[in-house]
Every structure is written in C-alpha cells, then in structure tokens.
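Morning, everyone, and thanks for coming.

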Amino acid sequence: EVGGEKFESFEDAISYANEQTGTVTVTLLADVEFSGDDLYADMILDLNGKTITATGSYVFWFEGGSLVVKDSSAEKTGMIDGSATVGNVFLLMGEETLTIESGKIHANNNVIYAYGSGATVTVNGYLNLRQEAGTDAAIIGALAKNDTVDIEEKSYTEINYNDNNLL
C-alpha cells in the first residue's frame, strides 16, 4: 500500500513509489516474496509486522534516494529475510541515506554494502548476518571518513574496519 492506494504486488508498489516526488510510505499488508529492485525515491518502508522474503541477489539497490525501514506493528515481528539467497540486502551506490529504525534484517552475506562514497547509515533495528564464507559483514564497503554510520544512536565518522568490514 502506498498512500492508501493498494497494489497487486509489492513490485508494483515499489515501482509506483519510485515515480513519486517527496517522501512516500510503502506499507506491507501481507508477507511477500521479492526479487529486488532499484530505489530512486525517498521512501519509508513500514514492515507492519510482515515479512519480505528476498529471492534475488539483493533487495534494494540504491541509485539515489533514501530509505527508512520501520515496523509499526505492536508485536515488532516485521522482517526482511535475505538469509536464503540474498548476497546483500541493501546496496548503496553513493550519497544515499539508509535508516533502519526498527524491524529485523537477516542476510546470507552482507546486510548493508556501501559501494560508493558519501553514504549515511543509521541502524537502530536488528541486523542478523548468517556468515558462511568468513569475509562477510553486517556493514561492508567503501566507507570513508566523510561517511556517517550511526548504530543505536552512537555516531562513527572515524570508521575503523578490517578489509572494509565494519561490525
């Protein structure tokens, strides 16, 4: 659902949101499977106690825009589950902003991959990494001193990491 308008699929809702100006809210009304999509818009994704089961190699590939992930349900059971097939849940290509206010994010490889420079990442939700290869991280990538990573209201602008891995 986007702004009260219901869609046949989550993919249709994301496509519609990408065409809008200003910040739009996409609210899950049911559990969905999702193969991934590019994100151009400024979007709030309300998991609403539902689960996105990722079936592709990523969930959101940022090409501009910003994303706030939250779970407004009383039970706080909303989740993005990329533990079965996803390489990266979020790919940030440049100066995008990602905020995880609440909800659970599970990944097989990397939860957040900041590929470009200038990203802002804020995490107050729950990140779970099913690490198998030994080189994966909850947050990984080309994070530089001009990037900002806030984890549970603690800001890291001088990022210390091993082989580009944070956490």
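**A walk from strand to core**

Let me begin with Tyr-58, which is buried, with a relative accessible area of 18%. The cut-off for buried is under 20%, so Tyr-58 at 18% qualifies. Tyr-58 sits in strand β6. One distance from there: Phe-34 lies 24 residues from Tyr-58 in sequence, and their C-alpha atoms are 9.5 Å apart in space.

Before I go on, please keep in mind that this is a predicted model. The chain's mean pLDDT is 77, and 73% of the residues reach at least 70. Which elements mark the two ends of the confidence range? Strand β17, residues 154-156, has the lowest mean pLDDT, 43, while β1 has the highest, 95. Across residues 153-167 the pLDDT is below 50, and this stretch makes 40 contacts in the model beyond near neighbours in sequence.

Now the overall picture. The protein chain has 18 strands and one helix. It runs to 167 residues, of which 50% count as buried. If you take contacts between residues at least 6 apart in sequence, 51% of them join residues at least 24 apart. As for the surface, the chain exposes about 7900 Å², with carbon and sulfur atoms supplying 42% of that.

Back to β6, then. Four of its five residues are buried, so the strand is largely enclosed by the rest of the structure. What are its partners? Strand β3 runs parallel to β6, joined to it by three bridges, and here Asp-37 stands opposite Phe-60 of β6. Strand β9, residues 88-92, also runs parallel to β6, with four bridges joining the two. In that pairing, Trp-61 has Leu-91 in β9 as its bridge partner. As a reminder, side chains in a regular strand alternate between the two faces of the sheet.

Next, the helix. Which residues of α1 are buried? In this helix, which spans residues 10-18, they are Phe-10, Ala-13, Ile-14, Ala-17 and Asn-18. Looking down the axis of α1, you find these buried residues within an arc of 135°, so they line one face of the helix.

Buried or partly exposed? Phe-7 is partly exposed, with a relative accessible area of 25%. Leaving aside residues up to four places away in sequence, Phe-7 touches Val-2, Asp-12, Ala-13 and Tyr-16.

The largest nonpolar core holds 35 residues, and Phe-10, Phe-60, Leu-67, Ile-80 and Phe-90 have the most contacts inside it. Helix α1 supplies the largest share of this core, four residues. In soluble globular proteins, nonpolar side chains tend to be buried together.

Let me finish on Ile-80. Not counting residues up to four places away in sequence, its contacts include Leu-45, Ile-52, Val-59, Val-69 and Phe-90. Lys-104, Ile-105 and His-106 are also among the residues that Ile-80 touches.

How values were computed: Residues are numbered from 1 along each chain as its sequence is written. This is a predicted model: local features need pLDDT of at least 70, side-chain atom pairs count only at pLDDT 80 or more; totals for chains, interfaces and linings use all residues. Side-chain values use heavy atoms; hydrogens and water are left out. Buried means under 20% relative accessible area, exposed over 50%, partly exposed in between (1.4 Å probe, protein chains only). The arc is that of the directions from the helix axis to the C-beta atoms. Contact means heavy atoms within 4.5 Å. Accessible areas come from the Shrake-Rupley method with a 1.4 Å probe; for residues, only the protein chains shown count as cover. Two strands pair if DSSP finds at least two bridges between them. A nonpolar core is a set of buried Ala, Val, Leu, Ile, Met, Phe, Trp, Tyr and Cys residues joined through side-chain atoms within 4.5 Å. pLDDT is the predictor's confidence in each residue, from 0 to 100.
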